[in-house]
Amino acid sequence: MSELVVQALRKSFGPTEVLAGIDLTVPSGSLAAVLGPSGCGKTTLLRIVAGFERPDDGAVELAGRTVASRSVDLPPEKRRIGIVPQEGALFPHLSVDRNVGYGLRRGADRGRVAEVLELVGLAGYGDRMPHELSGGQQQRVAVARALAPRPSLILLDEPFSSLDTGLRAEVRADVRAALSADGATAVLVTHDQEEALSTADLVAVMRAGRMVQAASPRGLYLAPADLGVANFVGDTVLLDGTLSGRCAVTALGALAVRAPMPAGSAVRVVVRPEQLVLTADGDGVSARVRDQVFFGHDALVHLELSDGAVVTARSLDAAWAQPGLDVRLAVRGEVTCFSSQ
Ligand code: ATP
């Protein structure tokens, strides 16, 4: 059992309130991503959990034990927390084996070093020195070192930010697999929404020192708590609408609404670009193609509606949708609405 419970955590530096009452529960064995823009307080939260900073109020409980509160301040080394920092975490003069075994007691199970190196995909690399490893391999070693003493919690502070895009996806998928194979409870701090959605079991979105929403990646993307979260966790097409029954009447037609709201209300409607379906002569409203941006795996097509509004559709096969062409545009699936008031 190593659940993390953060309750009503507050922290100010001088007159600046950085954490304004943060609540977060990370169930045992799961990975939570703390996601938010720069300066929202993510690192401060992580530092309080680790014991490097004291909260002004609130509490941190780990594996059923209070480790920080107004009256309790367990030193970092007694909290059984493993930390994976951004980069440069390895001791340059120690081999991979000795780096990974650093936190293990003398005489402890040396088999554990080989076990965690295998978990992160580096079996057989024990004799190498850090400078003989790539950046991705070094971060894998840092994760193995954090896992080795079987801590109650692993904290990862933007651990993939120094890796280039292709490598980052591969390393984070492997690290994710290693953490879950070892049954670790983990908190990953990131400002990269794709990283949070693709890696975590639970995504906690922070804004200006507050926790705005904590939900599964799918729940967050499909049912964001407000427009700010909707925009932060993905691209949006925003439309004005009026509710009528279970539909919002918009410039793209009557769209099925995910959660019912009072009829007649004026709403802002959030549609994801991949929900827009482009056809030559199918269902939907008419629109004219303005231009498109090709990404390889898909393309973003900008379209002008009859009222002059411009919307963006994400399409897997849009080679035919050339600028100036009149097309039909329909919306697939349900949409999310927020009151305009
Ligand atoms: P980033 O993604 O840029 O790392 P963050 O969300 O992790 O940002 P924090 O590093 O927690 O944000 O910082 C939140 C705010 O607290 C910032 O305005 C920062 O300047 C301030 N802050 C952090 N640590 C201290 C400190 N020791 N003394 C004074 N102000 C601090």
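How far does a polar side-chain atom of Thr43 lie from an oxygen atom of the ligand? The distance is 2.6 Å. This is a predicted model, where local features need pLDDT of at least 70, side-chain atom pairs count only at pLDDT 80 or more, and totals for chains, interfaces and linings use all residues. Residues are numbered from 1 along each chain as its sequence is written, and side-chain values use heavy atoms, with hydrogens and water left out.

**Ligand contacts**

- Among the polar contacts (pairs of N or O atoms within 3.5 Å), a polar backbone atom of Cys40 sits 3.1 Å from a ligand oxygen.
- For Thr44, an N or O atom in the side chain is 2.6 Å from an oxygen atom of the ligand.
- On its own the ligand has 640 Å² of accessible area (Shrake-Rupley method, 1.4 Å probe), and the protein covers 55% of that.

**Helix packing**

- Helix 4 (residues 135–147) and helix 5 (residues 165–181) pack at an angle of about 15°, with axes 10 Å apart (axes are lines fitted to C-alpha atoms over the stretch in contact, and angles run from 0 to 180 degrees between N-to-C directions).
- Therefore helix 4 is roughly parallel to helix 5 (angles under 35 degrees).

Terms used
Polar contact = N/O pair within 3.5 Å; in protein donor to acceptor, adjacent residues only side chain to side chain. Helix = DSSP H or I, 4+ residues; strand = E, 2+ residues; numbered from the N terminus. Parallel < 35°, antiparallel > 145°, perpendicular 65-115°, else oblique.
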